Amino acid sequence: MLCHPMYPQGESPSTSIQLDFGDGIKITYSNLSRTDDGIKHIYRMTGIYRVIATAENSLGSDSSTLFLHITSPVDRVYLSAPIVAIREKATNLTAVVWPSHTRTLTFFWWFENSSEPIITLDGSISHMFLREGKNRVTVQVASGSTVLEDSKVITVKEFFRSLLLSFSPALDEHNPDIPEWREDISRVVRRALSQISGVPENQLMVSLYPGLPTTAELFILPDEQMSSEHKKRSEDALDT
């Protein structure tokens, strides 16, 4: 919530001034010689606003325009990204910020060991990972002099299998719908599924999705031997 003072110059009691603040509010002022502190307006949302002042009296009229860049500190940023991705296939990433902003943020995306970031004005980006293994992605969000960041590690494979999971409605009563809770439940579910199925934990990954009802996706990763055989079959197919 920000306000911007505007100090009119050269006004007289016979001059009326209409101000269009660019957020849907227009106000006409008369006898501005009485406004010793200038004109103030409160913007409820961040953004870029075009403010138009039009002065009119018996001698004619004139107008002036300025653009206001209304910002607000970023309290928190969360990088929404899949925990598993396929090599050389586009992966969508999203940076969620609180409070919500419109057109006032700059995003810096760091991939793997890159020496320079990719810079966007949008909180979403698509990226293609070129190597298997664990790849760290970091997003930095800049608003004015404030910079916050979040990171995620994405496991990249040639292929994998996945299954959607659903839970008893009783779990929804204890779901606070925050990332930390989803990560804790993911670890519990992965451990339980490993014990039941006999599949090693390092080949299982579980991702709980935001919102209700509580749902999750189970990712089954190939072991190293299976991955090597899959790669060899793909290369043989290309040779033929």
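Modeller: What follows is a tour of that sheet, then of one lysine in it, and then of the nonpolar cores.

Keep in mind that this is a predicted model. The sheet is open and has five strands, running in the order S8-S14-S13-S10-S11, with mixed pairing. Its edges are S8 and strand S11 (118–120), each of which pairs on one side only. On average, and ignoring direction, neighbouring strands here are turned by 30° against each other. As for what holds such an arrangement together, strands of a sheet pair through backbone hydrogen bonds, either parallel or antiparallel.

S8 pairs with strand S14 (residues 146–157) in the parallel sense, over three bridges.

Now step back to the loop between strand S7 (76–80) and strand S8 (84–86), where you'll find isoleucine 83. Isoleucine 83 is 72 residues away from threonine 155 in sequence, yet the two C-alpha atoms are 6.1 Å apart in space. Leaving out residues up to four places away in sequence, isoleucine 83 touches Val153, Ile154 and Thr155, and also Met205, Val206, Ser207 and Phe219.

Next, have a look at lysine 152, which sits in strand S14. Is this lysine buried or exposed? Its relative accessible area is 18%, and the cut-off for buried is under 20%, so lysine 152 counts as buried. Its side chain makes a polar contact of 3.1 Å with the side chain of aspartate 150. Beyond four places in sequence, lysine 152 touches Tyr78, Leu79, Asn135, Arg136 and Val137.

The largest one has 18 residues, and Leu93, Phe107, Trp109 and Val141 have the most contacts inside it. At least two residues of this core come from each of S7, strand S9 (90–98), strand S10 (106–111), strand S13 (133–143) and S14. Setting aside its neighbours within four places in sequence, the contacts of leucine 93 include Leu79, Trp109, Phe111, Ile125, Val137 and Ile154, along with Pro82 and His127. Apart from this core lies another, of 11 residues, among them Ile17, Phe21, Ile39 and Tyr49.

Notes: Residues are numbered from 1 along each chain as its sequence is written. This is a predicted model: local features need pLDDT of at least 70, side-chain atom pairs count only at pLDDT 80 or more; totals for chains, interfaces and linings use all residues. Side-chain values use heavy atoms; hydrogens and water are left out. Helices (H or I, at least four residues) and strands (E, at least two) are DSSP runs, numbered from the N terminus. Contact means heavy atoms within 4.5 Å. Two strands pair if DSSP finds at least two bridges between them. Axes are lines fitted to C-alpha atoms, for helices over the stretch in contact, and angles run from 0 to 180 degrees between N-to-C directions. A nonpolar core is a set of buried Ala, Val, Leu, Ile, Met, Phe, Trp, Tyr and Cys residues joined through side-chain atoms within 4.5 Å. Buried means under 20% relative accessible area, exposed over 50%, partly exposed in between (1.4 Å probe, protein chains only). A polar contact is a pair of N or O atoms within 3.5 Å; within protein, one must be able to donate a hydrogen and the other to accept it, and residues adjacent in sequence count only if both atoms are side-chain atoms.
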